[in-house]
Amino acid sequence: MSASVAVYRNIYTEDRFKQAYGSDDNASGSLRLREKLAGKCRCSRRACLHLLSERVPLFSWLPRYRLRKWMVGDAIAGLTVGILHIPQGMAFALLTSVAPIFGLYTSFFPVVLYMIFGTGRHVSTGTFAVVSLMTGSVVEQLVPTPLAFNSSSPEAANFEAQRIGVASAVALLSGIFMLCMFGLQLGFLSTYLSEPIVKAFTSAAAFHVTVSQLQSMLGLRLPRHTGAFSLFKTLASVLENLPHTNVAELLISVVCLAVLVPVKEINTRYRHHLRTPIPVEILTVIIATCVAYFSSLDSSYSIEIVGRIPAGFPKPQLPAFHTFPAIAGDTIAITFVGYAVSVSLAMIYADKHGYSIHPNQELLAHGISNTVSSFFTCFPSSATLATTNILESAGGYTQLSGLFTSLVVLIVLLLIGPLFYFLPKAVLACINVTSLRQMFLQFRDLPELWRISKLDFMVWVVTWLSVVVLNVDLGLAIGVVFSMMTVIYRTQRADCSVLGRASNTEIYRPLENHSKCYEVPGVKILTYNGPIYYGNRSFFREKMSRVLGLTPEEIRSREKARKALEKREREASVSTVDRGIANTSFSSVNEFFESETPEKEVQAVLIDCSRVIFVDVAGARLFTQMCTECQKVGVHVYLANCNESVLKILTSSGLMSHMNPQHIFVTVHDAVMYIQQQREKPPENTTTVWV
């Protein structure tokens, strides 16, 4: 069933509509500014409590905590994640090129701090493979491993102290960067790492992690390569040294992979049926430690073991401040990666469970976590993919699960840690590799990405290839730059369409997609699907000229013909007045004018600005130039659907001195009705729209 609606109203230009329905911008703007300043400067108990609950979310959610409903889920999820943190923390410490104990520290302090300051209820923070790999590259550059390094030598303690000093300095500088970004409210910067970039980057980084762990899995003692083409250098080094493989460590790696891969697959496939995932990592660590201890594998087969893990809390220690100039560039990349991954994960689970997070508060939370924990010999931390997924699937409800996670790690630090002395490093390498399953599986998104957006597919591929072929930092930078170039390309190559009217409606649609719409006689209605700025002004002008047929040569010829017609009209008028008789040449001039401007010729250009989101100075000057050129050939220019910012820039640039302000309309249909009225001269200010 169809219905018709008749609307009788005045034709509205922008000026007339503002007079009828607008407000006093200056008065309301100054009033809003005064109210905003007064609200910011007002100090009261309520305002202080509100600020405290915003900056320390613990005081917001803890008083509303539902003990009976949430406690069991938080406890089970927190304990499960805590058990997983122990092997992963020690394993990711190897990626950071520091001793395993520092991975346990990094699995404790950031978890407690994020529980207090974070807004993600299902976010698990701690060690993350990609951030650890990037930090390890910095550590290896500044404190490279000596070729004849003996972990039991007296110099080993000093060597480890230098390495953790650099890693802690990276954590401190990363935290400072995040706190500065929080102060400047730059949480939105994470959006420049789009989803295709993050997924391609983490997937490619997984290959770097896997290749870097090959030497530990094969029992090879090789220097770690950094910089461009590091993945291929490492592969070449491993292949070259394959004859020196430690068979015992290779056998340990094969057995661990044979256990870890199937059990983790079971955890993934049957996660909805399992109350908690099978803690295969910690079981593998315990069994491997026992086997190595009772078999004396370290002395009998020269396998590399974790070694001494001191019990107790670490003493506060200053990071290596003198390394700040050398690590600043790499730390910026680490900061952006850690923050982008953390916010992305927090947003995914916030959307899933129907609550909101605050990106700027996340900057504060991770900034404080990294800054404070750096003084306790921790390396950079962030939200982690695997543990966050397990935390949510195990039934976690709130940040309180972090308390139970930290308690598990605390018990290991205080009591159990020294028992892992005989743990083979090959086991930790296998845990590193098998924890990357989710990152490798991101290749499955490519077919869907190709179907949805070819440009986003290209961003994914370029980022992945850059990270794999070059290195993690440079590849990420190339991915971001390429992504920004695709945005620029989309704005530069926006479409320009000719609009037609649907019969007996006020609806106007592109003619190429709506063949039953028709062009308004004598009026060319155009729409441009993008901003008009210095980067695409030439493309905009070219497309407009092509659609209107107003090339520079055409403008000159039509302007010359128009001037000749005006001159003949003036001469004919003077001759008629002087003689006092009808001049036959005057009627011939009219006939000539009618033949030169047929009914189908464009007499008015109407630009629909509804999709022009912004205009800069160069774009505004182009509008002025187009108006001038159209006037030369007797074509009037009209605008419709301009947003406030576009209209303000066009007005400030002096367009109104070249264009009648009454030619700017609220809608396309208002402008069309006005143009038709000017031709037919009907009663003013009334239009009828049938829908």
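Start inside the protein: 16 residues line the second largest cavity, and Val111, Val123, Ser124, Thr125 and Gly402 sit nearest its centre. Helices α5 (67-95), α7 (109-117) and α18 (401-416) each give two or more residues to that lining; helices here are DSSP runs (H or I) of at least four residues, numbered from the N terminus. The volume comes to about 120 Å³, counted as the space filled by probe spheres set on grid points joined across faces, edges and corners. A cavity is a set of points on a 1 Å grid over the protein atoms alone where a 1.4 Å probe fits but cannot get out, and lining residues have an atom within 4 Å of a point.

Keep in mind that this is a predicted model, where local features need pLDDT of at least 70, side-chain atom pairs count only at pLDDT 80 or more, and totals for chains, interfaces and linings use all residues. Residues are numbered from 1 along each chain as its sequence is written, and side-chain values use heavy atoms, leaving out hydrogens and water.

Now for the largest cavity, with about 260 Å³ of space. It has 19 lining residues, and Leu133, Ser137, His208, His225 and Ser230 are the closest to its centre. At least two lining residues come from each of α8 (129-142), α10 (195-218), α11 (230-240) and α23 (472-492), with α10 giving the most, four residues.

Back to the loop between α12 (247-269) and α13, where you'll find Ile278. Ile278 counts as partly exposed because its relative accessibility is 36%; that class lies between buried (under 20% relative accessible area) and exposed (over 50%), using a 1.4 Å probe and protein chains only.

Note on methods:
1 Å grid on protein atoms, 1.4 Å probe; cavity = no way out; pocket = protein on both sides within 12 Å on 5 of 7 lines; lining within 4 Å.
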